[in-house]
Amino acid sequence: MPSSLSVSGITCGDKGIFIGTPTPEFVAALDDPDFGVNPYEKVTATFALWPVGLPGQRVEWPATPLTSGGVARAAAPATLTNGVRYRFEVRATDAAGAKSLWSPECAFTIDTTTPHAPTVTSTDYPATSQAGGPGIPGRFTFAVAGADTDVVAFRWSAVGAGLTEVPVGRTGKVTVEFTPTFYGTNIITVQAIDRTLNRSAATTYAFVVRNTEPRLTDLTPDAGPGEPHTFRVVPGSLGGLVSYDYRLNDEPAQTVAAAADGTATFVVTPTAPGRNTISVTGHTATGVPTAEASAVVYVVYPPTTPTVTSPDFPADGTAPPLVGQEITLVFHPGTPGVTEYVWSTDFGATEQVAPAGPDGTATVRYTPRDFPFLPLQVRSRTADGSESEIAEIGWDLTSHAPQVSSPQYPMWGVGSGSGEFTFAPAHEGVTGYDYSFNDGPVETVDGETSTITWTPETTGWVMLRVHEHVGDIVSDVTEYQFRVE
């Protein structure tokens with residue numbers, strides 16, 4: 001026999017239930033001993049519905065058959081009438097035609113009338129004047145309106161309170177407590193919920209929370225990095241303050257007693273670079289808090305990053321050094337006590353250390369290769385291991401990658417058989433070249449302009465890499481690619 005009858009999510013009861021929609025959904029739980037035994041078994045629920053006292057208007061209709069235990073669902077066969085009391089029952093029929101008994105009847109009444117919007121009052125936070133303050137709780141009373149008799153709960157929300165439902169008392173009222181978290185206009189929103197779970201229109205109760213922030217003044221605004229700041233705090237609109245809790249950034253709060261006039265002073269020492277926040281909250285003898293006041297101290301330390309100069313990169317428009325030409329770099333300290341510098345030309349992948357002289361500077365010589373740009377990162381270090389911030393700088397170099405040509409194998413072209421490759425200088429004073437095919441052995445050839453003959457051993461794409469030599473200076477690379485058929 002079907003069981004666990006419900007209508008639109010409301011479980012049937014002995015005294016009847018109320019439904020807030022004229023098109024409800026009917027649900028009943030079905031089971032059969034043959035489920036799991038007979039693979040062809042199925043059970044169909046037949047729903048019956050009629051207005052109370054009018055059995056002649058009874059209608060019956062089937063739900064979708066079930067092939068395993070579960071719930072049968074069926075929508076109302078027609079729109080039902082508001083204010084009318086109905087009954088429904090359910091019977092199950094299996095695949096062989098065997099029928100169960102009818103379930104116990106479930107009585108319900110259609111009630112689509114939404115309740116009136118409730119009223120909201122508060123003596124702690126009246127709607128007509130400023131009161132209280134952030135952190136000061138207040139009591140708010142919600143009451144049924146319009147002589148409604150079926151309201152069972154109120155749903156309310158406010159910034160800082162979330163969404164909450166509270167049951168209605170026997171007098172049609174309920175009082176809740178809410179603590180504002182900010183001053184200015186706050187709003188509480190309330191809806192009445194009736195026995196059918198219909199919700200009323202929302203009532204919005206606006207009230208103004210008084211600004212109780214104390215006044216905070218930095219008496220030593222010119223204090224330098226790491227030096228103490230003295231603050232004076234004076235009561236705002238909330239009197240009777242006996243103490244203040246103050247905090248520097250996220251450090252634990254400290255407490256200072258207030259003088260008879262409610263004022264106090266305290267000292268903090270911001271050391272973190274950049275923005276430091278000092279926050280203060282006052283308290284009365286009974287523990288009533290003020291709103292939180294705050295001030296900001298910016299700590300700006302002198303720069304510690306080193307600087308870099310080079311006599312090889314003049315600012316008069318002279319062409320920069322060639323790729324492969326040794327250059328001189330001079331590191332200058334940005335803070336006292338520098339004993340060494342850590343520097344790299346590959347973004348920190350390979351670091352070198354240069355000891356500093358008595359004046360804190362260091363001179364290094366370096367030969368940049370393969371690329372016409374020199375990136376440099378450098379930081380200084382003192383004897384106790386303290387390191388500066390990283391200085392980043394870069395210089396353009398003069399590229400002199402050689403020119404390469406071949407009549408048999410043009411760049412990106414296709415050829416076959418032996419081929420000649422001619423290397424031509426990109427800078428004056430070229431004395432020779434080094435070259436390799438497909439990362440093979442590096443060969444050398446002398447001369448300002450040189451031609452070599454090469455015979456392929458396989459087919460496919462080939463990469464020819466060539467550097468020119470200007471005395472001991474080796475240029476950046478020319479990559480010449482072609483395909484052998």
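The model is predicted, so local features need pLDDT of at least 70 and side-chain atom pairs count only at pLDDT 80 or more, while totals for chains, interfaces and linings use all residues. Residues are numbered from 1 along each chain as its sequence is written, and side-chain values use heavy atoms, with hydrogens and water left out.

Rings of Phe, Tyr and Trp (its six-membered ring) pair if their centres lie within 6.5 Å; planes under 30 degrees apart count as stacked, over 60 as edge-to-face, and the rest as tilted. Phe-142 and Phe-154 are edge-to-face because their planes stand at 70°, with the ring centres 6.0 Å apart. Phe-142 belongs to strand 11 (residues 138-143) and Phe-154 to strand 12 (residues 151-158), twelve residues apart. Strands are DSSP runs (E, at least two residues), numbered from the N terminus. Both Phe-142 and Phe-154 are buried, that is, under 20% relative accessible area with a 1.4 Å probe and protein chains only.

Tyr-246 and Phe-266 are stacked, at 4.1 Å centre to centre and 15° between the planes. Tyr-246 is in strand 19 (residues 241-248) and Phe-266 in strand 21 (residues 264-268), so this pair ties together parts 20 residues apart in sequence. Tyr-246 is buried, with a relative accessible area of 13%; for Phe-266, also buried, the value is 4%.

Ring pairs also link a cluster whose members include Tyr-409, Phe-421, Trp-454 and Phe-482.

How values were computed: Helices (H or I, at least four residues) and strands (E, at least two) are DSSP runs, numbered from the N terminus. Buried means under 20% relative accessible area, exposed over 50%, partly exposed in between (1.4 Å probe, protein chains only).
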